Structures are given as structure tokens and as C-alpha cells.
Amino acid sequence: MISTELVDISRLQFAMVALFHFLFVPLTLGMTFLLVIMESTYVVTGKQVYKDMTQFWGKLFGINFALGVTTGITMEFQFGTNWAYYSHYVGDIFGAPLAIEGLMAFFLESTFIGLFFFGWEKLSKVKHLMVTMLVALGSNLSALWILVANGWMNNPVGSDFSYVTMRMEMTGFWDVIFNPQAQAKFVHTVSAGYVTASVFVLGISSWYLLKGRDIEFAKRSFRIAAAFGFASALSVIVLGDESGYTVGANQETKMAAIEAMWHTEPAPASFNLIAGVDEAHQKNDWAIEIPYVMGLIGTRSTTKTIPGIAEIKARNLVRIQNGIHAVTALAALRANPADAVARAEFDRYKADLGFGLLLKKYTSDVSKATPDMIRMADDDTIPRVLPLFWTFRFMVAIGFGLLLLFVLALYASVKNDFVQKRWLLRWAVWFIPVPWMAAEMGWFVAEYGRQPWTIYGVLPTWLSTSTLTSASVYASLTGFLLLYAGLFVVEMYLMVKFARQGPSSLYTGRYAGETAQGAVA
Amino acid sequence: MLDYEVLKLIWWLFVGVLLLGFAIMDGHDMGVGTLLPFVGKNDNERRVVINTVGPHWDGNQVWFITGGGAIFAAWPLVYATAFSGFYWAMLAVLWSLFFRPVGFDYRSKIASPLWRSTWDWGLFIGGAVPPLIFGVAFGNLLQGVPFHFDNDLRSYYTGSFWALLNPFALLAGLVSTTMITAHGANFLLIRTEGDVYRRARTASLLFGALSLLTFAAAGVWVMHGINGFVLTGGDLPGGLPNPMDKTVVTAPGAWLHNYSAYPLTLLVPAAAFAGGLVSVVAALANRPLTAFIGSSVNMLGIIGTAGVSMFPFIMPSSTDPRSSLTVWDSVSSQTTLGLMFWATLIFLPLVIFYTSWAYKVMSGKVTLDYVKGHDHSAY
């Protein structure tokens with residue numbers, strides 16, 4: 001049977017494998033575009049150094065890509081192995097973007113990546129560039145489809161519950177695709193990937209410059225990364241703000257929690273820059289506020305209010321009480337589909353079915369839920385505020401830090417004095433891991449902030465798991481930890497080894513540390 | 001919009017096509033991985049073997065990913081029930097697949113013999129384990145799987161991992177392993193020469209013959225040794241899918257009913273034998289491409305035989321036959337099936353087109369000279 005332990009350990013496993021997978025995704029998303037830029041420059045100018053850049057950065061990209069593929073297969077298994085009821089309950093909608101992702105994006109990316117690595121001698125310059133572009137297109141399309149799926153989890157549009165099949169069914173595919181949440185998430189996420197790859201290239205190039213080796217190669221790489229990174233960092237912030245706005249419309253809960261806004265404030269609400277969050281007493285001991293900003297982000301107006309946590313809970317309490325009717329009527333309908341009274345009752349309260357299901361955590365017979373159970377279920381509708389509040393702020397701070405780095409790097413590369421600015425180069429090197437931290441935090445805010453739901457307002461996380469024993473899930477989690485730890489060590493070892501070796505790993509004879517003839521390892 | 005019953009049938013065929021695509025494309029990579037330590041006796045020979053699939057394994061693996069995604073989208077109850085029920089078997093497949101991307105990509109990055117032979121065995125595991133387990137899974141599907149649903153359609157698997165490894169299922173595992181390995185050997189015939197070619201030819205003959213024998217043995221076992229399932233009521237082909245709304249009985253030899261009702265379907269197992277024979281004869285006659293086509297037809301026949309024998313069942317339940325999953329009641333809504341039908345119709349031909357182009361670009365034998373001359377750019 002489902003136990004809190006099973007649900008928690010299953011969540012931990014999903015979080016672990018998803019966060020680990022997402023260590024490799026952003027770099028893939030961004031590197032493919034940087035490779036397109038480098039190779040296009042090669043095709044246009046005919047300068048060998050740009051081909052070398054494409055091949056060398058492509059090598060590092062490949063080391064990362066292998067683990068992206070490996071850990072990506074896990075994600076497809078996770079839903080079926082560990083979240084079977086979820087897969088049944090929403091597969092009708094959630095499965096489609098995943099299957100289309102395979103058909104439209106993975107095939108494209110994976111078929112052409114082989115030609116990217118092995119087709120240099122078999123393809124003309126222009127054809128090879130086309131191949132590289134298709135890899136970039138494929139990897140970014142895959143991000144689109146997975147975020148369409150994820151956007152639907154946060155804002156389940158275009159679907160309806162069927163009591164015959166006991167699941168959610170698709171009613172409007174275009175609504176699912178053009179879900180504003182999905183669109184905002186997509187652009188925010190791919191831009192974050194572009195920033196990650198830009199910092200990666202900028203940082204490693206800076207390290208070569210600090211060491212005084214492969215100067216021309218590193219300078220050119222630095223410039224491309226600085227320009228691409230500046231544009232991307234700007235777009236992450238602008239589009240992150242856009243996802244703030246759509247969260248405001250669809251998922252006020254997440255926003256109220258991120259903001260630690262315990263009560264509705266008069267419009268336009270101020271933004272808590274930082275605050276002393278007291279979760280136990282549902283208040284902030286102190287806060288440094290920026291007037292108006294929250295209202296502007298959340299509503300794009302100065303007159304609309306944003307509901308606070310207390311008001312959201314009051315609303316949810318009513319929905320849970322309505323939901324009890326829906327769950328009870330559904331049980332009657334399942335027993336006797338011809339029951340017209342139950343049918344009418346169900347249709348009346350169906351919109352709140354998910355809220356009624358929240359009570360399943362406390363009782364198997366929802367119709368007999370006590371006021372205490374209802375109060376606990378209502379408390380559950382708000383995710384924990386403290387981790388969301390701070391994770392979000394660290395993520396945003398990193399975003400602005402990265403923007404500043406790229407402003408300075410771009411300015412220096414226009415003035416062409418970055419080789420002398422050793423402090424800037426050192427900053428770029430130290431910042432290599434930083435975009436990953438922001439990306440992981442972003443995932444955390446998005447997914448943890450959706451709790452207690454897997455599908456917001458529709459399916460509680462608590463009901464979504466497979467009927468496994470906790471022991472099985474502990475055991476598989478241990479297996480994942482061991483395998484992933486081993487793979488991570490190997491990947492980092494190779495990445496550092498080849499980054500240190502630099503373009504001489506191409507054995508062309510043109511780079512630092514090689515003999516004039518370009519000889520052996 | 002297409003009729004619901006027609007869409008359900010189409011999706012049974014499409015899942016079959018995706019499985020076959022997986023067997024032909026990812027299957028030859030896996031066969032090559034299985035044979036790697038045996039047909040390549042030194043590092044350069046092994047690099048030849050790996051580079052025959054080097055540019056394509058990643059694209060081919062997407063047949064597997066897309067097959068999984070399509071089952072999720074078209075048969076969500078099958079995806080949910082099979083993946084969670086066969087929990088440890090699925091994890092064994094997944095974990096063995098881990099060794100492929102890193103094995104292919106990382107092996108060549110360091111010259112140490114220990115490093116390289118470690119990844120060779122990794123590629124062996126990634127090539128040999130998944131087909132074996134898929135075969136074992138099919139062997140269990142044919143016997144029925146111990147699971148049932150509660151009233152909320154939550155599935156409960158009541159068997160153990162070890163119970164999956166019963167004699168008939170292990171035989172089915174051998175069918176699958178031998179057919180995939182023979183197919184991989186045939187691919188090596190196309191892309192290699194010299195010693196590697198000779199060893200691959202031996203492997204093709206051996207595994208091709210074994211595939212025929214094990215398939216025949218499994219056929220006899222199905223006829224006389226295990227009960228099939230029969231749908232006796234409810235479960236309307238055009239109706240809303242509800243697995244609890246039917247009656248099912250088990251009967252000896254019931255898996256042969258479709259062949260007597262529709263004798264044309266006998267062509268499917270016949271194709272398995274014919275393809276297998278062509279593969280063996282062509283390998284003997286040194287006709288690699290014909291052998292490869294033969295083993296492809298062989299797999300079409302074998303996978304098709306499993307599908308036709310069980311139709312309309314996909315995943316019968318041994319403990320609660322009523323909970324069995326069929327083509328009619330484990331599917332998505334008409335809207336989703338219709339949508340996915342069009343998506344497949346548009347994108348799958350496109351995939352086949354550019355995959356063919358990729359193979360054409362990289363065609364030709366992979367030679368010892370090639371791998372020696374590409375120490376730092378090939379695998």
C-alpha cells in the first residue's frame with residue numbers, strides 16, 4: 001500500500017535522477033548553438049581556426065552529451081516504474097508530447113550527431129554545417145516538447161476527467177501546446193542552457209588566456225561566448241520574469257510561497273528582497289521590500305491584487321469540501337455508471353475532484369473525513385515556504401551576476417583588452433560551475449513549488465506512485481546513486497583532462513604542447 | 001476523424017512497427033555489442049567493430065526511446081502496469097543501457113588497455129542484457145503476468161522478480177538473444193572485412209541456426225505446454241476503454257485460435273522461418289546484404305508471431321484474467337490516438353528518410369587502416 005515513506009522515497013529518487021540528468025542538458029542545449037556559430041564562421045571565412053574550434057568544443061560537448069543521453073533514458077523509465085498511477089491517470093495527455101519528442105526531436109538530434117562527429121571527411125563544408133544546425137534544432141525541439149509536458153503538469157489545460165476510464169483525457173491538443181506556462185518555461189530554460197554553455201566556453205578560454213597559451217584560439221572563443229552569453233543572460237532574466245507573470249495567472253500558490261506573502265497586500269504589492277521567514281507562525285519577522293515590484297511582475301498592473309497564502313488556503317478549504325462530494329459521487333458512479341443522481345452530483349463538483357483526492361492521504365473513505373483531516377489537507381496545499389523563498393532568491397542573484405559578467409566580457413571584447421584584464425578572466429574561470437547551480441535551483445523552485453500536486457489541482461503526488469514496497473525503491477535509489485556517482489567521476493575526469501589538454505587534443509600540430517609535426521599522444 | 005476501433009487496431013500495428021524498427025536498428029547495434037569481445041581479438045579489431053555502428057548507435061537507440069514514449073501515449077495502462085510490475089527487470093534493462101553511450105564515447109578517449117577492455121565488456125552488457133530481458137518479458141506475457149487492478153485502476157503486481165525467470169520465459173529470452181545477435185553479425189558482414197568478417201560469419205551461422213531452433217521449440221511449447229487466454233465477453237472494440245468490463249478464460253492451445261480463424265496469419269510465423277533460413281544461407285554464400293534482410297524478416301516474423309498469437313491481448317493477467325490488458329481496453333482516448341496517428345504518419349517516414357541518408361553518407365567497409373589513421377577522431 002501507499003505509505004508516506006514510499007511517496008517520499010519515490011520523490012527523492014525522481015528529484016535525484018532529474019537533477020542529475022539536468023546537469024548535462026543545459027550544456028547540450030547551448031553548446032549546439034555555439035557550435036553552429038563557430039562552424040558558420042568557418043564556412044563563411046574559411047579560416048581553419050574556426051573549424052578547430054568547432055571540433056575541439058565539439059569534443060567537450062560530446063563527453064557531456066554521452067551522459068545526457070544515458071541519464072535521459074532513465075527519465076523515460078521513471079514515470080512507468082515509479083509513478084505508475086500517474087502514468088495511467090494522465091498518460092493520455094502527458095504521453096503524447098513525450099512520444100512526439102522522440103519522433104520529432106530525438107531522432108533528428110541523435111541521427112545527425114553521429115554525422116557531426118564522423119562526417120567531416122564525408123560531407124562538404126555546407127552539408128556538415130547543415131548537420132550541425134539540425135543537431136541544434138533537434139536538441140532544442142526536445143526541450144520544447146518536454147516543457148510542453150511539464151507546463152501541463154503546472155497548468156493542466158485542454159483536458160477533462162472521464163469517470164469511465166478513470167483518468168484525464170485530452171480535449172484540446174493546441175491548448176496543451178500553446179499553454180502559456182509551457183511557452184514561458186521553454187524560452188526561459190533554453191536561454192539558461194545558452195548561458196551555461198557560454199560560461200563554459202568563456203571560462204575555459206579565459207583559463208587558456210591566463211596561462212598564456214593558444215591565444216588566438218582562446219580569444220576567438222571568448223568573443224563568441226561573450227556575445228552569445230550576453231544576449232542569452234538578458235533573455236533568461238526577461239523571460240524568467242515572463243514566467244513570473246504566467247505563474248501569477250495560473251499558479252498563485254507557487255508565487256505566494258516564493259514571495260512568502262502570507263496575506264494579500266493592497267495593490268500593487270511590494271517585493272520582499274529578503275526577509276526573516278517564520279514558517280511556523282506564518283509571518284515574516286522582518287523584510288526588505290521594494291515597493292510595487294511584486295504587483296508589476298505578477299499582474300502587469302498597479303491595481304490588481306495578488307492573493308496571499310491565508311486567502312489561498314481559505315479558497316482551497318472550500319474546494320476540498322466540494323471535492324469530498326466529487327470523490328463520493330465518483331465512487332458511486334464507478335459502482336453503478338447508470339446512477340443519474342451520482343452523475344449530476346459528480347458533474348457539479350468535478351472541478352474540485354483533485355482537492356477531494358488530497359484527503360486520500362488521511363483516509364481511504366473521503367466521505368467520512370473529519371474537520372481535522374480537512375484542515376491538514378488544506379495546510380498541504382501550500383508548499384513549504386522557506387526553501388522556495390531562498391532558492392528562488394539565490395537563483396535570481398546568480399542570474400544577475402551572470403548578466404554582469406557578460407556585460408563586462410562583451411565590453412572588454414569590443415574594446416579588445418580582455419587579455420590584459422586578468423581579474424575578468426579569473427572571474428570567468430571561477431564562474432564555470434555557477435550556471436549549473438542556478439539551473440538546478442530553477443528546477444527545484446518549479447517542481448517543489450508545485451507540491452502537493454504532480455498535476456496541479458488534479459492529481460496529488462501522494463496518489464501518483466506505483467504500488468511498490470519502500471524497500472524496492474530504496475534499493476533502486478541505491479543502484480542509481482552508485483552508478484551515477486561512478487559515471488560522474490568518469491565524466492568529470494575526461495572533461496577536465498580534455499579541457500586541460502585544449503585544442504592540442506585534436507592532434508593537428510597547431511596548438512600548445514604539440515611537436516611541430518603534430519605527432520603522437 | 002478515424003473510427004475508434006480502427007485507431008485501436010492501427011496503434012497495435014504501429015507499436016509493432018516501432019518494436020520491429022527497434023529490433024532492426026537498435027538490435028543490430030546490440031548484436032554488434034554482444035559480439036564485440038569475441039569477433040575483435042585486439043584493440044584495432046575492436047575499434048573496427050565499434051566504428052561500424054559508431055555514427056549510428058545514438059540515432060538507432062531512439063527507436064527504443066520512441067517505442068517507450070509511444071506505448072506511454074497510446075497504451076498508458078500497459079506502460080504503467082508493465083514498467084512498475086516488471087520493476088527489477090526494467091531497471092536491469094535501464095542500467096545495462098547506461099553502458100552504451102559512455103562505452104561508445106569514452107572508450108577511445110584513453111589508450112589504456114584496462115580502460116578499453118572495461119568498456120568493451122560494458123558494451124557487451126549493454127548489447128546482450130536488454131534483448132535477453134525483452135525476450136523473457138515476452139515469455140511472461142505469453143503465460144500471463146500476476147497483476148490485478150483495484151476499482152481506481154491502480155495496478156498491483158503480486159509476483160516476484162525471480163518468478164519471471166521460469167523455463168519458458170528463459171527460452172523466449174534465448175529466441176530474442178539469438179535473433180538479435182545473428183542480426184548484429186549480419187550487419188558486421190556488411191561493414192567489415194578480413195578476420196573480423198570471418199568471425200562474424202561464424203557467429204551469424206551459429207546464432208542464425210540457434211534462432212531457428214529456439215523459435216521452433218518455443219512454438220511447440222506454446223502449442224502444447226501453456227494456456228492461452230480467450231476473451232469471452234464485454235470489452236467492445238469500439239467502446240470506451242475499461243479493463244474491468246470483460247470476461248476472460250484460459251484454455252490450452254488458445255494462442256493458436258487466431259491462426260485457425262484467420263489462416264493467412266500463418267504467413268507471420270512462416271516469415272520467421274523463411275527469414276531465418278535466408279539469413280543462414282546468405283551468410284554461407286557470403287551475401288551480407290541478403291543475410292541482413294533475411295534476419296530483419298526473421299525478426300518481423302518472430303515479433304509478429306508473438307503479437308498475432310496473443311491478439312487482442314497485450315498483457316494478460318494470470319491471477320485475475322479480467323484485469324488483462326487488451327488492444328481494446330488499455331488504450332488512450334480517441335483524440336490522443338488520432339493525434340498520435342498523424343504525428344507518426346508525418347514524422348516516421350521523415351525519420352526513415354534521413355536515417356537512410358546518414359547510412360549512405362557513412363557507407364563502406366570500416367577497415368583496420370581507417371581506424372589506425374583516425375586514432376583521435378574515430379571511436
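Predicted model: local features only at pLDDT ≥ 70, side-chain atom pairs only at ≥ 80, totals over all residues.
Figure 1. Chain B contains 14 helices and six strands. Its C-alpha trace spans about 65 × 40 × 40 Å along the principal axes. A compact globule of 379 residues would have a radius of gyration near 21 Å, and chain B agrees with that, at 21 Å. Buried residues account for 59% of the 379 residues in chain B.

**Figure 2. Where chain B meets chain A.** The contact draws on 61 residues of chain B and 60 residues of chain A. On the chain B side, at least two residues each come from α3 (57–74), α4 (76–85), α5 (87–97), α6 (99–107), β2 (155–157) and α13 (334–361). Which of these gives the largest share? That would be α13(B), with 13 residues. Sort the chain B side that touches chain A by residue type and you get 37 nonpolar, 19 polar and five charged.

**Figure 3. The two domains of chain A.** Domain 1 is built from two stretches, 4–251 and 383–506, while domain 2 covers 309–380. Their C-alpha centres sit 38 Å apart. Where the two domains of chain A touch, 10 residues of domain 1 are in contact with 13 residues of domain 2. The domain 1 side of that meeting place has nine nonpolar residues, one polar and no charged.

**Figure 4. The largest nonpolar core.** In soluble globular proteins, nonpolar side chains tend to be buried together. Here the largest such core holds 287 residues, and those with the most contacts inside it are A:Leu34, A:Trp57, A:Ala99, A:Ala409, B:Ala74, B:Val78 and B:Leu188. Helix α4 of chain A (residues 84–118) gives this core its largest share, 23 residues. Domain 1 and domain 2 of chain A both contribute residues, so the core lies between them.

**Figure 5. A closer look at B:Leu188.** This leucine is one of the core residues with the most contacts inside the core. Set aside its neighbours within four places in sequence, and B:Leu188 is in contact with B:Val32, B:Leu35, B:Val39, B:Val49, B:Thr52, B:Val196 and B:Ala200.

**Figure 6. Two cis peptide bonds, one in chain A and one in chain B.** Most peptide bonds are trans. The bond joining A:Gln451 and A:Pro452 is cis, with omega about 10°. A:Pro452 belongs to the loop between α17 (434–448) and β5 (453–455) of chain A. Over in chain B, the bond from B:Phe311 to B:Pro312 is cis too, and its omega is near 5°. Look for B:Pro312 in the loop between α12 (288–310) and β5 (313–315) of chain B.

**Figure 7. Positive phi at B:Asp235 and B:Asn286.** Most residues other than glycine have a negative phi. B:Asp235 has a positive one, near 55°, and it is found in the loop between β3 (227–234) and β4 (246–252) of chain B. Phi of B:Asn286 is also positive, near 55°, and this asparagine is found in the loop between α11 (267–284) and α12 of chain B. Which side chain position is buried, and which is exposed? B:Asp235 is buried, because 22 other C-beta atoms lie within 10 Å. B:Asn286 counts as exposed, because it has 11 C-beta neighbours inside 10 Å.

Definitions and conventions:
Residues numbered from 1 in each chain as written. Chains lettered and ligands numbered in written order. Contact = placed C-beta atoms within 7 Å. Helix = DSSP H or I, 4+ residues; strand = E, 2+ residues; numbered from the N terminus. Nonpolar A, V, L, I, M, F, W, Y, C, P; charged D, E, K, R; others polar. Domains from an automatic or database assignment. Buried ≥ 20, exposed ≤ 12 C-beta atoms within 10 Å, placed from the backbone. Core = buried A, V, L, I, M, F, W, Y, C linked by C-beta atoms within 7 Å. Rg over C-alpha atoms; globule rule 2.2 N^0.38 Å.
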